[in-house]
Amino acid sequence: MITHDMHLMLEYTPRAIVFSEGELLADTTAAHVLNDPALVKKANLKETSLYTLSMKCGIDNPQRFTERFIRYEKEKEHLGR
């Protein structure tokens with residue numbers, strides 16, 4: 001799947017491959033991409049609300065917060081809630 005929609009990416013895959021101007025910038029987890037401000041800027045991606053929230057709340061590990069949020073949402077969806 002190719003998308004610029006970071007929330008859609010989170011919904012469908014744990015892995016993200018990021019290209020910019022033909023250059024491979026990252027092949028990592030979706031949560032890592034969303035929590036790497038330098039990568040987000042270099043790839044011309046939009047900062048996600050999860051990252052913004054974690055920064056405003058002073059969360060020490062935004063990537064872990066994002067991973068837990070993703071896991072919670074998937075479990076909730078799986079249980080039909």
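Predicted model: local features only at pLDDT ≥ 70, side-chain atom pairs only at ≥ 80, totals over all residues.

**Entry 1: the second largest pocket.** I sorted its lining by class and got four nonpolar, two polar and four charged residues. The pocket's volume comes out at about 230 Å³. Which residues line it? I wrote down His-7, Leu-10 and Glu-11, then Ser-49 and Leu-50, and finally Phe-69, Ile-70, Glu-73, Lys-74 and Glu-77. Three helices, H1, H4 and H5, each supply at least two residues of this lining. I also checked which element gives the largest share, and that is H5, with five residues.

**Entry 2: the largest pocket.** Next I looked up how much space lies in the largest pocket, and noted about 480 Å³. It has 17 lining residues, and the closest to its centre are Met-1, Ile-2, Thr-3, Ile-17 and Val-18. Which elements give two or more residues to this lining? I found helix H1 (6-12) and strand E1 (15-20). The largest share is from E1, which puts in five residues. By class I got 11 nonpolar, four polar and two charged residues for this lining.

**Entry 3: H4 against H5.** H4 and H5 both turned up in the lining of the second largest pocket, and I wanted to see how they sit against each other. For the record, two packed helices are described by the angle between their axes and the distance between the axes. H4 covers residues 49-56 and H5 covers residues 62-78. Their axes come within 10 Å and cross at roughly 130 degrees.

**Entry 4: who touches whom.** On the H4 side, I listed Leu-50, Tyr-51, Leu-53, Ser-54 and Met-55 as making the contact. From H5, the contact residues are Pro-62, Phe-65, Thr-66 and Phe-69. By class, I noted seven nonpolar and two polar residues in this contact, and no charged ones. Leu-50 and Phe-69 are on my list for this contact, and I had already written both down for the lining of the second largest pocket.

Terms used. Residues numbered from 1 in each chain as written. Heavy atoms only, no water. Axes fitted to C-alpha atoms, helices over the stretch in contact; angles between N-to-C directions. Helix = DSSP H or I, 4+ residues; strand = E, 2+ residues; numbered from the N terminus. Contact = heavy atoms within 4.5 Å. Nonpolar A, V, L, I, M, F, W, Y, C, P; charged D, E, K, R; others polar. 1 Å grid on protein atoms, 1.4 Å probe; cavity = no way out; pocket = protein on both sides within 12 Å on 5 of 7 lines; lining within 4 Å. Points joined across faces, edges and corners; volume = space filled by probe spheres on them.
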